[in-house]
Amino acid sequence: MELGDLKIAVYADGADIDGMVEMAEKGFVKGFTTNPTLMKKAGITSYTDFVGNVIREIPDMPISFEVFADDFETMEKEALVLSGYGKNVFVKIPITNAKGESSVPLVGRLSQRGVNLNVTAIFTIEQVKAVLEVLAEGTENIISVFAGRIADAGVDPEIIMRETAELCRGKKGVMSLWASCREVFNIVQADRCGVDIITVTNDLLAKLGNMGKALEQFSLETVQMFERDGRSLGFSIVS
């Protein structure tokens, strides 16, 4: 299977503005997501400057920015500020706060105010259903299920993602998203589950050129890599 055969939309997951702009220009990336962990890794020092710069550089593609607060009152204020940066902004709200308290009531209030949401850190079908119940008609929303981390728990993520995709298709304006992508094959898995979006980090995006490559050729290239690296070491096993 090659990249062009996929129906799923690939979003780049990162917080490096130069890298985001580069990916936007490549054509196959259809949107972007960020989160506090990625921003910390990228060395972001001002959230508002970061958001403003990204919107100026990429004004016409969907971009998800996450709230930072852990109390729902402040989350709501942050969400309204972030939403005001542009029509292409989706505000990321985690499914619970750090205390384990559900954010579903907040999601409902923001949705009623017309905020486009990306509800994130979802792991269960019960969470998916709870979010879908409160999303307002006429808004655009994303439900992000952390399929990669579900797999880390030894659970088959495809079962959950198939049902998530089906549930999201039942409500207008809601897109399903496969989050925490671990390898290129996850894109194929998400596509065959009928998921709308998958978020992919830049290191995995760099591997997309391998999709559709003949395995015999890939085998040869791997052996050639071993040979080059072995030669560069200058080791000798026999004299």
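Guide: Before we look at helices, one term is needed: a crossing of two helices is called right-handed if the near helix is turned clockwise from the far one by less than a right angle, and left-handed if it is turned anticlockwise. Please also keep in mind that the model before you is predicted.

Visitor: With that term in hand, which handedness does the crossing of H4 and H5 have?

Guide: The crossing of H4 and H5 is right-handed. Helix H4 covers residues 72-83 and helix H5 covers residues 104-112, and the two pack with their axes 11 Å apart, at an angle of about 30°. Angles under 35 degrees count as roughly parallel, and H4 and H5 are therefore described as roughly parallel to each other.

Visitor: Which residues make the contact between H4 and H5?

Guide: On the H4 side the contact is made by Phe72, Met75, Glu76, Ala79 and Leu80, while H5 brings Leu106, Arg109 and Leu110. Sorted by class, the residues of this contact of H4 with H5 are six nonpolar and two charged, with no polar ones.

Visitor: H5 also packs against H6, so how should I read that pair, and at what angle do the axes of H5 and H6 cross?

Guide: The axes of H5 and helix H6, which spans residues 125-134, cross at roughly 30° and come within 8 Å. These two helices are therefore roughly parallel to each other, and H5 passes H6 in a right-handed crossing. The contact joins Val104, Val107, Gly108 and Ser111 of H5 to Ala130, Val131 and Val134 of H6. By class, the contact of H5 with H6 holds five nonpolar and two polar residues, and no charged ones.

Visitor: Turning to H1 and H3, which residues of these two helices meet?

Guide: In H1 they are Ile17, Met20 and Val21, which meet Phe50, Asn53, Val54 and Glu57 in H3. This contact has five nonpolar residues, one polar and one charged. The axes of H1 (residues 17-26) and H3 (residues 47-57) come within 10 Å and cross at roughly 20°, and the two helices are therefore roughly parallel to each other. H1 passes H3 in a right-handed crossing.

Visitor: How do I read a pocket, and how much space lies in the largest pocket?

Guide: Rolling a probe the size of a water molecule over the atoms shows where empty space is left. In this model, about 870 Å³ of space lies in the largest pocket. Of the 41 residues that line it, Asp13, Asn35, Thr37, Leu38 and Arg149 are the closest to its centre.

Visitor: Which element supplies the largest share of the lining of the largest pocket?

Guide: Helix H2 does, with five residues. Among the elements that each supply at least two residues of this lining are strand E1 (9-13), helix H2 (36-42), strand E8 (197-201) and helix H10 (202-205). The lining of the largest pocket divides by class into 19 nonpolar, 13 polar and nine charged residues.

Key
Residues are numbered from 1 along each chain as its sequence is written. This is a predicted model: local features need pLDDT of at least 70, side-chain atom pairs count only at pLDDT 80 or more; totals for chains, interfaces and linings use all residues. Side-chain values use heavy atoms; hydrogens and water are left out. Axes are lines fitted to C-alpha atoms, for helices over the stretch in contact, and angles run from 0 to 180 degrees between N-to-C directions. Helices (H or I, at least four residues) and strands (E, at least two) are DSSP runs, numbered from the N terminus. Angles under 35 degrees count as roughly parallel, over 145 as roughly antiparallel, 65 to 115 as roughly perpendicular and the rest as oblique. Contact means heavy atoms within 4.5 Å. Ala, Val, Leu, Ile, Met, Phe, Trp, Tyr, Cys and Pro count as nonpolar, Asp, Glu, Lys and Arg as charged, and the others, Gly among them, as polar. On a 1 Å grid over the protein atoms alone, a cavity is a set of points where a 1.4 Å probe fits but cannot get out, and a pocket is an open set with protein on both sides within 12 Å along at least five of seven lines; lining residues have an atom within 4 Å of a point. Grid points are joined across faces, edges and corners, and a volume is the space filled by probe spheres set on the points.
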